[in-house]
Each structure stands twice: as structure tokens, then as C-alpha cells.
Amino acid sequence: MSKTITLAPVTRIEGHAKITIQLDDNNDVLDARFHVNEFRGFEKFTEGRLLWEMPGITSRICGICPASHLLTSAKAGDDILAVEIPETAEKLRRLLTLAQWLQSHALSFFHLSAPDFLLGFDSNPATRNVFGLIAADKEFAKRGIRLRKFGQEIIEILGSRRIHTPWTVPGGVREPLEPAKKDYMLGWIPEAKETVGLALDAIKKIHKKFAKEIPEFGNFRSLLVGLVSKDGGLEYYDGTLRIMDGNGNTIADKLDPRKYFEYFGEAVEPWSYLKFPYYKPFDYPKGMYRVGPLARVNICDYIETPLAEEERKIFKKLSGNVGVVNNSFYYHYARCIEMLFAVEKIEMLLNDPAILGTNIRSQASINRLEGVGCTEAPRGVLFHHYHVNKDGVIQKANLVIATAQNNIAMNRTVRQIAAYFIDGKKGKITEGILNRVEAGIRCYDPCLSCSTHALGQMPLHVELVSAGGEVLDEVRR
Amino acid sequence: MSKVLVIGYGNTLRGDDAAGVKAAELIAQRHPEFEYIYLHQLVPELIEKIGDYDIVFFIDAQKDITQPSVRLIAPSIEADQPRTHFISPESLLALSQQLYQRMPSNAYVIGIPASEFKFSEELSAQTTQGVTDCPAMVEQIILNH
């Protein structure tokens with residue numbers, strides 16, 4: 001008779017997630033599931049709204065990556081207006097995209113994951129957090145918060161409001177960049193570069209420290225999906241889709257993101273409200289794919305900034321003779337490389353005279369009744385797909401977000417970690433095991449407020465349940 | 001005169017969850033001399049700012065109350081153990097204290113009753129009343145400061 005271990009986060013208001021670990025008759029881990037109970041309905045809510053309102057509305061889905069929704073929505077609007085936006089507008093949008101990456105990645109690495117790595121998975125849970133990190137290395141903790149602040153400040157400067165700004169609109173952006181603000185942002189660059197350097201030094205030490213555990217942290221072959229530039233470089237705002245397999249073979253390239261629905265399907269499972277996107281030609285669940293930093297740094301041929309390119313080459317050596325880095329633990333390293341790229345590229349964009357241009361918006365009316373926007377959000381490729389009537393009123397909307405696209409892989413990661421670390425015979429969930437399972441999920445930095453559109457905190461509820469329904473162990477925190 | 005920061009936060013697309021933002025906007029109409037921050041959720045970098053003020057108000061929707069509530073808060077790290085994207089006002093105070101050795105003289109959480117969280121830009125009647133009452137509550141606290 002099998003047993004079930006459940007880790008169930010409960011939200012303050014609605015929508016919740018939990019982790020269930022299924023044991024077999026021998027008390028070995030049979031399966032593991034990362035459930036997300038999702039409140040669907042956002043797409044429906046947008047029906048009847050005007051196209052021009054959509055960037056402002058969709059950016060309010062999420063408090064962590066609002067700029068990504070803003071940009072992707074505006075790009076869907078560009079598609080419906082059938083316009084090419086001015087050079088300055090594109091560069092400003094690129095700047096905003098990179099600022100979003102920087103602040104999101106900084107939060108993920110310094111605030112959420114570094115305590116595990118620097119203090120250890122088995123350290124006292126009461127202090128295994130940012131406060132413990134402060135006690136251990138105050139300067140490191142402060143640097144992380146300031147790096148995130150740099151990203152946030154760019155978002156604030158460009159949009160005048162940090163969160164939910166409607167600065168990006170179909171056709172371009174609303175306001176040009178003032179020279180004084182450009183200079184202010186450039187003033188941050190030396191500190192930001194230094195801080196990312198600290199992060200990269202730290203992650204390399206972490207790789208050595210956890211050399212024994214890393215191979216069990218979501219180490220499997222999957223497809224990797226993301227945008228690349230016209231000549232195969234790391235892309236974040238535009239480009240075409242590339243799909244690579246777990247052996248490093250590019251199995252599809254130069255795919256038009258506007259036709260995403262031809263390549264990807266969405267499966268559903270009765271135990272989760274979060275959908276399970278998959279690559280259609282491989283069917284479900286074999287069409288499992290990963291998006292986000294690990295995918296992006298793996299699939300690109302090069303990174304256009306020099307320091308990040310050096311790091312990419314080091315990263316690729318981790319793949320051994322496979323040609324692709326398949327271990328989800330290295331999401332963190334890829335995230336750090338992307339932070340470095342973001343800082344370098346922000347500097348390049350700010351030093352480009354075109355960034356101060358004043359031709360920032362193409363004006364047009366509705367020229368198509370359907371449009372798709374696609375960008376690389378911090379957690380992976382993001383699609384907004386709108387149908388409008390001739391007046392620009394939304395008839396139907398579909399948003400495919402990164403956290404959902406990593407859903408199958410997150411489940412696989414939890415299963416692998418659970419199988420390695422949980423001793424079902426003991427029937428106990430230790431803090432160290434719980435934290436390793438959580439850490440496996442954190443590799444992907446899932447944004448549940450985005451994927452579930454839910455609200456509030458998700459405290460953990462952990463249950464060990466036999467197949468007969470008996471609760472063998474229970475942990476809450 | 002006390003230097004006052006009002007932080008109103010919540011998801012303005014989720015019905016009553018917008019209460020904190022709406023209340024802060026209402027206070028701003030009556031007190032332009034205060035400073036205001038409107039957010040979807042609290043974020044760590046606020047710690048660089050909150051220590052610069054005598055009084056900080058964190059205004060949020062609260063599910064389990066029927067009347068607006070005020071709570072004087074102290075630094076604490078208890079609320080944030082799971083390490084998600086959520087961070088509490090108490091943790092922000094603790095972070096500010098530990099990293100910058102600065103804190104506001106007083107910090108308050110004002111909870112506004114909230115019950116409807118569907119996708120909507122409308123507030124329920126109870127929450128609307130709570131938002132309306134909020135400026136007077138803030139004024140009373142400042143008067144007693």
C-alpha cells in the first residue's frame with residue numbers, strides 16, 4: 001500500500017500550491033507532484049476592454065514582473081496595429097526588459113536562494129533566511145538588495161511609477177528619456193557590475209560546496225525553449241524561437257513566436273489548476289520543456305556582451321560531452337550570467353545616442369483583428385495573444401506564462417529530489433528534506449502570483465499521508 | 001512636524017485587495033505634505049526608504065476583520081520563513097534595522113476589511129467604508145504622536 005507525503009502551501013486568500021510525494025509499497029518515492037490551485041479568470045476579465053488599456057491592466061497581474069507583462073502586451077498591440085515601432089522606442093523597451101530581469105534575478109538569487117547556499121540546507125531554519133544571511137555576510141545581503149533597487153529604479157525612471165506603469169503602449173512608449181536620468185542610471189553601473197561579480201564568485205563557491213548534492217537537483221534531459229536573435233545570440237525582447245533537445249541538438253529554429261500555438265499545447269491534470277504546456281510534436285508529457293535562464297543561456301550561440309560571453313563559455317563546459325547543461329541547479333548560475341549581461345547591456349544602451357531620441361511612438365489604428373506579443377520575462381518566454389474587434393475591443397485573450405511552461409519540469413525536479421533525499425521508511429519529513437524540495441522548486445523561481453493570479457503569502461503545510469489516508473507526519477511553517 | 005510615509009499596497013485588479021492603494025490615494029488628497037508609495041506588494045528595497053521617516057503607515061486589505069484595525073508593529077522576522085515573494089512590514093523594519101541601523105520612530109499596519117477578491121476594479125460596500133474611514137484614523141494617530 002503506497003503512502004503520500006504532501007507539502008501544501010496555503011494562501012492568505014485564494015489559490016494555493018502544495019507538493020505531494022507518493023511512496024510505493026517499499027516506501028520508496030514513486031512520484032511527486034507540484035500542485036498549483038489556480039484562480040483562472042484573468043483572461044475573461046480583460047474581454048470588453050480596449051487594446052490600449054491592456055498593457056496597464058496586464059501589468060497589474062503580478063507584483064514581481066509587471067514590466068514583462070507591460071512589454072509583451074504592448075508588443076501584441078504593435079502586432080494588431082501592424083506597426084514597426086521607432087528605433088528609440090525599441091531601445092527604451094529593451095532597457096526596461098533588462099531592468100526587469102535584473103531586479104527579478106537579484107531577488108531570486110540574493111534574497112530567496114542565497115540563504116540555502118551560504119548557510120546550508122541543514123542549518124537552523126529559524127535563521128536560514130535573509131536575516132541569517134545578514135548575520136553571516138552583511139555586505140553581500142546589502143549588495144543584493146541594492147542591485148534589485150537599481151533595476152527597480154530604471155523601471156521607475158522610465159515609467160514614472162515603479163509598478164503597473166502604462167508607459168509602454170501599442171506603437172512604442174509614451175515618454176522619451178531625459179539626459180539627466182540617463183546619466184543617473186549610468187552612475188549605478190560600476191556598483192552593479194561589482195555586485196554581479198560578487199554573485200558570480202559566490203555561485204562558483206556554491207558549486208564546489210554542493211558538488212555532491214547538485215547531481216540530484218533536477219538533473220534530467222528535457223527540451224529547452226527560448227528566443228534567440230537573428231544570428232543566434234541571447235535574446236530578451238524580440239527574435240525567433242529556438243528549441244534544443246537535452247543532447248544539445250537544435251530540433252527547431254527560427255520559429256515565428258506569433259504562431260506559438262502551433263508548436264505548444266497545454267495539457268491539464270485533475271490534481272492541478274496550473275496547465276502543463278508541452279511541445280506538440282513530442283506530445284504530452286514527453287514534450288516537457290524548460291524555459292528561463294537555463295534554457296536561454298544553453299540555446300544561444302553567443303552573448304553579445306564580453307564579460308557575460310566569457311561566463312557563458314564557462315557555463316557550457318558544465319555540460320561535459322552532452323553539449324547542453326541539463327541540471328536545474330544551474331538555473332542559478334545562468335541567472336547570474338544574465339544579471340551580468342543585463343548590467344553590461346544596460347550600459348551599452350544608455351551610451352547609445354539613439355536612446356535619447358524623441359521619436360518614440362508610431363500611431364496607427366486597428367489593422368489586424370488578432371495579435372501576439374512575445375518577450376523573455378525573467379522566468380522565461382511569455383506570450384500575450386489578443387483577438388479584437390474593429391474598434392480595438394478585446395474579444396478574447398490568452399496569456400502563456402513562464403512558470404506554467406516549467407510546470408512539467410518542476411514536477412520532475414521535485415520527484416528526483418524526493419527520491420534521493422526522502423527515506424520513506426522513517427515516515428518523517430525533516431527540515432533539511434523539506435528545504436531541499438523547496439530549493440528544487442526555487443531553481444525555477446516560480447512566480448505563483450503570476451501563474452495563479454493569486455494573492456498573498458503561501459506558508460507551507462507538509463503532510464505525510466499513507467495510501468489509506470492516514471497522516472503519518474505533518475509539518476507547518 | 002513629523003515626516004510621514006504612507007505605503008498603500010495590494011492588487012488593484014482583485015476587488016477589495018485594492019483597499020490599501022485606494023486608502024493611500026484618499027489620504028493623499030487630504031495630506032499632500034506626506035509622502036506616498038503605491039505598490040502591488042511589499043518589496044525588499046523599501047528598507048532603504050522607511051528609515052528616513054518618523055512615522056510609516058502600511059495600509060493593506062485584511063480578510064478576517066469587520067472594522068478597520070490599527071496595529072503598532074515592531075521588527076520581526078517570524079512571518080517570512082517560507083521565503084516566497086511575500087515580505088511582511090515587520091520584516092522590512094527588521095531588515096532596515098539590521099542593514100542600515102535605521103527605523104521609523106513608529107510604524108503601523110492599518111488593516112481594511114476585505115472580502116471580495118474576484119477580478120474586479122470595484123470595492124465591496126464594507127471595504128469602501130473602510131477606505132473612507134482610513135484618513136481619519138491616520139490623522140488621529142499623527143495627532144497622538
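1. With 8 C-beta neighbours inside 10 Å, Gln101(B) counts as exposed. The cut-offs are these: 20 or more other C-beta atoms within 10 Å make a residue buried, 12 or fewer exposed, and anything in between partly exposed, with C-beta atoms placed from the backbone. Gln101(B) sits in the loop between α3 (89–100) and β5 (106–113) of chain B, and its phi is positive, near 55°, though it is not a glycine. Helices (H or I, at least four residues) and strands (E, at least two) are DSSP runs, numbered from the N terminus.

2. This is a predicted model, in which local features need pLDDT of at least 70, side-chain atom pairs count only at pLDDT 80 or more, and totals for chains, interfaces and linings use all residues. Residues are numbered from 1 along each chain as its sequence is written, while chains are lettered from A and ligands numbered from 1 in the order in which they are written.

3. The loop between β10 and β11 of chain A holds Asp283(A), a non-glycine residue with a positive phi of about 65°. Asp283(A) is exposed, with 11 other C-beta atoms within 10 Å. Pro285(A) is in the loop between β10 (272–279) and β11 (289–290) of chain A, and the peptide bond from Tyr284(A) to Pro285(A) is cis, with omega near 0°. Most peptide bonds are trans, and most residues other than glycine have a negative phi.

4. Chain A is assigned domain 1 (3–40 + 408–476) and domain 2 (43–407); such bounds come from an automatic or database domain assignment. Between them, 33 residues of domain 1 of chain A are in contact with 38 residues of domain 2 of chain A (C-beta atoms, placed from the backbone, within 7 Å). On the domain 1 side, α13(A) gives the most, with nine residues.

Methods. Two residues are in contact if their C-beta atoms, placed from the backbone, lie within 7 Å.
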